[in-house]
Amino acid sequence: MPLAAHPAFESTLAEFFRKRLQELAPELQPQPADDTLWYIGNLLARFGDSDQLFGYDRGEVSMRPLALLYKDAREAASQWERCQLLRQLGDLALFVGALFPESYSRRGIRRDYFVGMGGGAYDYLGENAQQNRHVFEELARRFVRILDLVARVCARQQAFDAADVLDLYQRWRQSRDPRLAEQLHSLGIAVPDTDVSH
């Protein structure tokens, strides 16, 4: 049994993420509901098992594209199946959009794609799911802020080469995103007209 699939590992990982979420959640005002933070912690732990993130299809291991999950949900034979697929879509959009934005932006996929797909999926679930409607409603309504929270919770120290630093600086110049300014500041690069607090 792979380590990540072991129940004790997932439980410990979920506890780690829930603790980090509780530490950083006060930065969002109003703070997300405890049920929402609990859901996100479990989601992050679940995707700690690569079998939950990737599937085996047509002889290769890959992650099903969000657009195809959306298509599957639209064509679902039952409401229950549609909700399951949309939950998977929302969860993947939140996870991938928060943890791998640079990888996707190099392929021309922007943040608003994840926001639209994830927020739309959670919005549907907020009205139609059998359980946790209040959680899905909050995830839909505050998707952008929660995406930022998940990115901060999962932030890791990275080794940047010169090309990465230049790309990061160019993206900051275009967007003036404070998170990018913080990354640049942590690399020792001062950016004008920002208020980066540490």
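Predicted model: local features only at pLDDT ≥ 70, side-chain atom pairs only at ≥ 80, totals over all residues.
Of its 198 residues, 37% count as buried. Among the contacts between residues at least 6 apart in sequence, 62% join residues that are at least 24 apart.

On the α4 side the contact is made by Leu 66, Leu 69, Tyr 70, Asp 72, Ala 73 and Arg 74, and on the α5 side by Arg 82, Leu 85, Leu 86, Gln 88, Leu 89, Leu 92 and Ala 93. Sorted by class, the residues of this contact comprise nine nonpolar, one polar and three charged.

Helix α7, residues 111–128, also packs against α5, at an angle of about 145° and with the two axes 8 Å apart. Here too α5 takes part in a left-handed crossing as it passes α7. From α5 the contributors include Gln 79, Arg 82, Cys 83, Leu 86, Gly 90, Leu 94 and Gly 97, while α7 supplies Phe 114, Met 117, Gly 118, Ala 121, Tyr 122, Tyr 124, Leu 125 and Asn 128. The contact of α5 with α7 has twelve nonpolar, five polar and three charged residues.

The next partner of α5 is α9, and the axes of these two helices come within 8 Å and cross at roughly 55°, an angle that makes α5 oblique to α9. In this case α5 passes α9 in a right-handed crossing. The contact is made by Gly 90, Ala 93, Leu 94, Gly 97, Ala 98 and Leu 99 of α5, together with Phe 143, Ile 146, Leu 147, Val 150 and Ala 151 of α9. Its residues divide into nine nonpolar and two polar, with no charged residue. Helix α9 itself is mostly covered, with eight of its eleven residues buried; these are Phe 143, Ile 146, Leu 147, Asp 148, Leu 149, Val 150, Ala 151 and Val 153.

How do these helices relate to the interior of the model? In soluble globular proteins, nonpolar side chains tend to be buried together. The largest nonpolar core has 47 residues, of which Leu 44, Leu 94, Tyr 122, Leu 139 and Val 150 touch the most other members. The elements that each give two or more residues to this core are α1 (7–24), α2 (34–46), α4, α5, α7, α8 (133–141) and α9 (143–153), and the greatest contribution comes from α5, with eleven residues. When neighbours within four places in sequence are left aside, Leu 44 is in contact with Phe 17, Phe 95, Val 150, Val 153 and Cys 154. Apart from this core lies another, of six residues, which include Trp 172, Leu 180, Ala 181 and Leu 184.

Methods:
Residues numbered from 1 in each chain as written. Heavy atoms only, no water. Contact = heavy atoms within 4.5 Å. Helix = DSSP H or I, 4+ residues; strand = E, 2+ residues; numbered from the N terminus. Nonpolar A, V, L, I, M, F, W, Y, C, P; charged D, E, K, R; others polar. Axes fitted to C-alpha atoms, helices over the stretch in contact; angles between N-to-C directions. Left-handed = near helix turned anticlockwise from the far one by under 90°. Core = buried A, V, L, I, M, F, W, Y, C linked by side-chain atoms within 4.5 Å. Buried < 20%, exposed > 50% of the residue type's maximum accessible area, 1.4 Å probe, protein only. Parallel < 35°, antiparallel > 145°, perpendicular 65-115°, else oblique.
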